[in-house]
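Me: I would like to go through this model with you. Could we take the helices, the surface and the charged pairs in turn?

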Amino acid sequence: MWNAGRETSSPGTELSENQAKKEKERLIKELQLITEERNDLRDCLRFLTERSMKNRSHFRPNPYYEDLERMEEAVMSILHNLEMENTEVHENNHKLKKEITFSR
């Protein structure tokens, strides 16, 4: 008899969890559509910008542009290497912490 007044799970909680799940799925789908639209618009803008730059008779490419591109590539490569090294160090640190905790 002492268990008669208790409910293991309330129907309101299940309903709200179900509604939350549906809302989450709806928002994810909406976000995907918005992201796809943004990417399409960005591609269109890039195409139009490049086309308009090429059609200008007075347009001269920046002589330092290729140098800047190479520098950017080098910097991005260094950044990638540092990120990989950071990840590796973090993983090693995590392993060492586990070993220390286990040995105690």
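Me: To begin, in which helix is glutamate 73 found?
Reply: Glutamate 73 belongs to helix α2, which covers residues 65–103. The model is a predicted one, in which local features need pLDDT of at least 70, side-chain atom pairs count only at pLDDT 80 or more, and totals for chains, interfaces and linings use all residues. Residues are numbered from 1 along each chain as its sequence is written, and side-chain values use heavy atoms, with hydrogens and water left out.

Me: What does the secondary structure of the protein chain come to?
Reply: The protein chain has two helices and zero strands. Both types are DSSP runs numbered from the N terminus: helices are H or I with at least four residues, strands are E with at least two.

Me: Back to glutamate 73: buried or exposed?
Reply: Glutamate 73 is exposed, its relative accessible area being 61%. Buried means under 20% relative accessible area, exposed means over 50%, and partly exposed lies in between (1.4 Å probe, protein chains only).

Me: And how much of the protein chain counts as buried?
Reply: The share is 0% of the 104 residues. The protein chain exposes about 10,800 Å², and carbon and sulfur atoms supply 57% of that area. Accessible areas come from the Shrake-Rupley method with a 1.4 Å probe; for residues, only the protein chains shown count as cover.

Me: Which residues form the negative surface patch?
Reply: Glu66, Glu69, Glu72 and Glu73 form that patch. Patches are made of residues with over 30% relative accessible area and no salt bridge; like charges are joined within 9 Å, and nonpolar side chains (Val, Leu, Ile, Met, Phe, Trp, Tyr) within 5 Å. Asp and Glu count as negative, Lys and Arg as positive, while His and the chain ends are not counted. The place of a charge is taken as NZ of Lys, CZ of Arg, CG of Asp or CD of Glu.

Me: Which residues make up the nonpolar patch?
Reply: Tyr64, Leu68 and Met71 make up the nonpolar patch, with about 360 Å² of accessible area together. Leucine 68 is found in helix α2 and is partly exposed at a relative accessible area of 49%.

Me: Changing topic, how many salt bridges does the structure hold?
Reply: The structure holds four salt bridges. Such a bridge is a side-chain nitrogen of Lys or Arg within 4 Å of a carboxyl oxygen of Asp or Glu.

Me: What does glutamate 30 pair with?
Reply: Glutamate 30 forms a salt bridge with arginine 26, the closest N and O atoms being 3.0 Å apart. Both lie in helix α1 (residues 11–55), four residues apart, about one turn of the helix. Glutamate 30 is partly exposed at 37% relative accessibility, and arginine 26 is partly exposed at 43%. A network of salt bridges links Glu23, Arg26 and Glu30.

Me: Which residue does arginine 46 meet in a salt bridge?
Reply: Arginine 46 meets aspartate 43, at 3.4 Å from N to O. About one helical turn separates arginine 46 and aspartate 43, because they are three residues apart in helix α1.

Me: And what about arginine 70?
Reply: The side chain of arginine 70 meets that of aspartate 67 in a salt bridge of 2.5 Å, N to O. Arginine 70 and aspartate 67 are three residues apart in helix α2, about one turn. Aspartate 67 counts as partly exposed, at 34% relative accessibility.
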